[in-house]
Every structure is written in C-alpha cells, then in structure tokens.
Amino acid sequence: MSSKLWGGRFDLPTNKLVEEFNATIMIEQRLCPFDIKGSIAHATMLGRQNIISQSDADTIISGLKKVEQEIENGQFVFSTADEDIHMAIEKRMTEIVGPVGGKLHTGRSRNDQTTLDSKMHMRATILEIQQNIRALQATIVAKAEQNFNVIMPGYTHLQTGQPILFSHWIMTYFWMLQRDYGRFNDLYRRMGQCPLGAAALAGTTFPIDREFTAKALGFDEPTPNSIDSVSDRDHMIEFNAAAAMCFMHLTRISEELVLFSSQDFKFIELSDDFCTGSSIMPQKKNPDVAEKMRGKGGRVYGNLMAILTIMKGLPLSYNTDMSEDKETVYDSMDTLQAGLKIIAPMIEKMKINEDKTRDAADRGFSTATDMADYLVRKGIRSVMLTMW
C-alpha cells in the first residue's frame, strides 16, 4: 500500500523514478516560511469556526512552529519521497503532534495551498526587488549630480547626433527603472486576492472563513472564483515578463558601459573589481561583469517563454504541468536581484573621463542641428535648403 498522504486507494508504492521525476521539493524550499504561515492561518481559522476544536488547532500550530524551527536550524530532512514542501511540512508536523495533525488539511487542498504559497513568496520578493531598484536609482542620481556639467555626445544609430550632458544620459536609465518599479507595483496589487479556501477546485462544504484567512495573510480579499484560483498562473507569467523587461534595461546600460569603457571611446573607466584580465594579452581590462549582464538577459527572456509555453492550452482547472512554474520564476527572481545588486556599485565606482567626452562632443558636427535651428529663426531657411 502507498505511504503517501494521498495514497489511500493505491496498492503499489510510487515508482522511484516517478518520485524523482515529479518531485518539486528540492527547488521550492524557499516557500517553507510562507507555507507554514499559511497553514497557521488556516489552522487558526478552523479553530475559530469550530470546524476542529481549539485544542486541536493549538496543537497543530505548536507542531508547525516546531517544524519551522527545525527548518531554520537546518535539521529538517528534505526528501523527494515527500514530493513537495506542503506534504513534507504536514507530514513532519503530524509526526510531532500525532494523528491530530491530519486535521490541518480540512477544507484545503494542495491546489489552493501551492498557489497561496507562491503568491505570498512572490509578493515578498517583489518588495525586495523594488528596494533593489530604488537603490540603483539612488546610485544613478548621485552619479548624475557628481558629474552634472560633464558634456558628452548623444547618439542616434550610434552616430554622433547632438551634444548632451552626462547627467542627462545616465538619468535615462533612472526613468526606465521607474517604469519597472511601477510594473512590479501593479503586479503586487493584482496579487491582492487570496486563493486559500478554493480547495481542489470547487471550494469546500466546511464553513470556512475566507475573509479571515485573507486578512491574516496580508491579502486584500479572497479570490472570487475557486476554479480560477487554482488554475491561475498569471502572476508567475507576469513576474517573468516584468523581470525580462527590467533586465532588458540592465542589458542596455551594460552595453553602453562596455562600449564607453573601450579604448576607442574611453569615456569611462570601470573599477578593477568589476573587470577581469586576459590570459594571453596582459594589457587588457575586460568589462566582463557588464558583458555577463548582457548574456544573462537571454536566460531571463527564456524563462518568460518557458512559463508561457507551460501554460499554453491547459484545460481547467489544475494540471501537474503547472508544477513546472517555479523553476523559471525562481531563476528570474535570483538573476534579476543579483543584476540589480551588482550593477549599482559598478556604476558608483566608475570614473568619468570628462576630457574625452567633451572632445567627442566637439567632433562629428554635433551642433549642426542647433546651427540649423538658429539660421531658421533668423529667416535664412531658403539658404539652408540650398546648403543642404
């Protein structure tokens, strides 16, 4: 007979290859604190509603807190036999408190539980990313203020167009990041509905209080449709889309740092601790961090396409395909946070070669547009047309 929590009707244990193939527990360990918080809120609600006794609710909550302590202390054993974090935590809690632990799952399914955990975790991560964005923006503003009067050429088609200020150029990226901040803000707001209580797909006949659990877990309100609650992965897709766009902006500034630090431009000099050398050409100072940033853009874009493909054409409601959602999202989370954190000090420590940027602005007839505008204002348009 199967030893799984769901294994009542099965005669044979799960094939080991199937266990390893299906298991998500090794990649979703970051969900542990959110899973426990959600379970505590659910157990509290079950006790308040007299669905289980208050004594049983207190016992379950005590067991969950002990599991939380084991995880924090590195004592918890993660095994693919437990399939996912939800089953692993519930199983261990039941081992600690005894059969009463089985009552935790009353009025709940892994389907609404996993969506709840992912939304709680993502909301917390979005707040961290927004802090990283603000830190990078602050670095950009400081760099602009330090070099407020530095003149450089502005480009279109990578050809000298008009003279601009360095501060004007670098503040462009501030506003790109401002839009990124807003996109994450919008996503955070859209994730304000709590899926807990949707159960497997059709809700539950137990008299649960979804308003209570939603508020207890920091949400605005419960989700209105139980089928949508367990089949929805829009937040995962939207996160990958917002992350891809934000990282695209990081690749753009990285490309310009590579370009402007080259010997042919020499507009900037990157700090040694953000560069590497060549194994055969000792004179070289390679902007490898900025290059790596450009390269990582490809994987973040790939994560967006992967999650879109996973969700393509899925029938309602929950399907195990959706357990593949986490790996791409976690990779985008980690890659974006690392990128934001590393590019800020790289910009902060770079030096601006003011003489080089000024000399470059003097070349290429960069003031031609201003001259044309001046002549037009003087009424010499016909002469200008003849000249051009």
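Is phenylalanine 78 buried, partly exposed or exposed? Phenylalanine 78 counts as partly exposed, at 22% relative accessibility. This briefing describes a predicted model. A search of the whole structure finds one cavity of 30 Å³ or more. The model also holds 18 salt bridges and eleven aromatic pairs.

**Aromatic rings**

- A pair of aromatic rings is described by the distance of the centres and the angle of the planes.
- Among the eleven aromatic pairs is the one of phenylalanine 76 and phenylalanine 78, which is tilted. The centres lie 4.9 Å apart, with 55 degrees between the planes.
- Phenylalanine 76 counts as buried, at 10% relative accessibility. The cut-off for buried is under 20% relative accessible area, so phenylalanine 78, at 22%, is partly exposed instead.
- Phenylalanine 265 and phenylalanine 267 make an edge-to-face pair, because their planes stand at 85 degrees, with ring centres 5.3 Å apart.
- Phenylalanine 267 is buried, with a relative accessible area of 3%.
- Phe265 and Phe267 belong to one aromatic cluster, together with Tyr155, Phe166, Trp169, Tyr173 and Phe260.

**The cavity**

- The largest cavity has a volume of about 50 Å³.
- Four helices each supply at least two residues of its lining: helix 5 (110-146), helix 6 (166-190), helix 9 (234-260) and helix 11 (325-349).
- Helix 9 gives the largest share, three residues.
- The lining includes Leu136, Ile140, Leu177 and His249. Tyr173 is another lining residue, and Tyr173 is also part of the aromatic cluster.

- Strand 1 (residues 151-156) pairs with strand 2 (residues 159-165) in the antiparallel sense, over six bridges.
- Proline 153 stands opposite proline 163, a residue of strand 2.
- Two residues lie between the strands of this hairpin. There, histidine 157 takes a positive phi near 60 degrees.
- In a regular strand the side chains alternate between the two faces of the sheet.

**Salt bridges**

- Aspartate 84 and arginine 110 form a salt bridge, with their closest N and O atoms 2.8 Å apart. This pair links distant parts of the chain, 26 residues apart. Aspartate 84 sits in the loop between helix 3 (54-72) and helix 4 (85-97), and arginine 110 in helix 5.
- Aspartate 84 is buried, with a relative accessible area of 10%. Arginine 110 is partly exposed, at 26%.
- Glutamate 238 and arginine 190 meet in a salt bridge of 2.4 Å, N to O. This pair also links distant parts of the chain: glutamate 238 is in helix 9 and arginine 190 in helix 6, 48 residues apart.
- Both partners are partly exposed: glutamate 238 at 24% relative accessibility, and arginine 190 at 45%.
- Aspartate 362 and arginine 358 meet in a salt bridge of 3.6 Å, N to O. Both residues lie in helix 12 (residues 354-362), four residues apart, which is about one turn of the helix.
- Aspartate 362 is exposed, with a relative accessible area of 53%. Arginine 358 counts as partly exposed, at 41% relative accessibility.

Technical notes
Residues numbered from 1 in each chain as written. Predicted model: local features only at pLDDT ≥ 70, side-chain atom pairs only at ≥ 80, totals over all residues. Heavy atoms only, no water. 1 Å grid on protein atoms, 1.4 Å probe; cavity = no way out; pocket = protein on both sides within 12 Å on 5 of 7 lines; lining within 4 Å. Points joined across faces, edges and corners; volume = space filled by probe spheres on them. Pairing = 2+ DSSP bridges. Salt bridge = Lys/Arg side-chain N within 4 Å of Asp/Glu carboxyl O. Buried < 20%, exposed > 50% of the residue type's maximum accessible area, 1.4 Å probe, protein only. Phe/Tyr/Trp six-rings, centres within 6.5 Å; stacked < 30°, edge-to-face > 60°.
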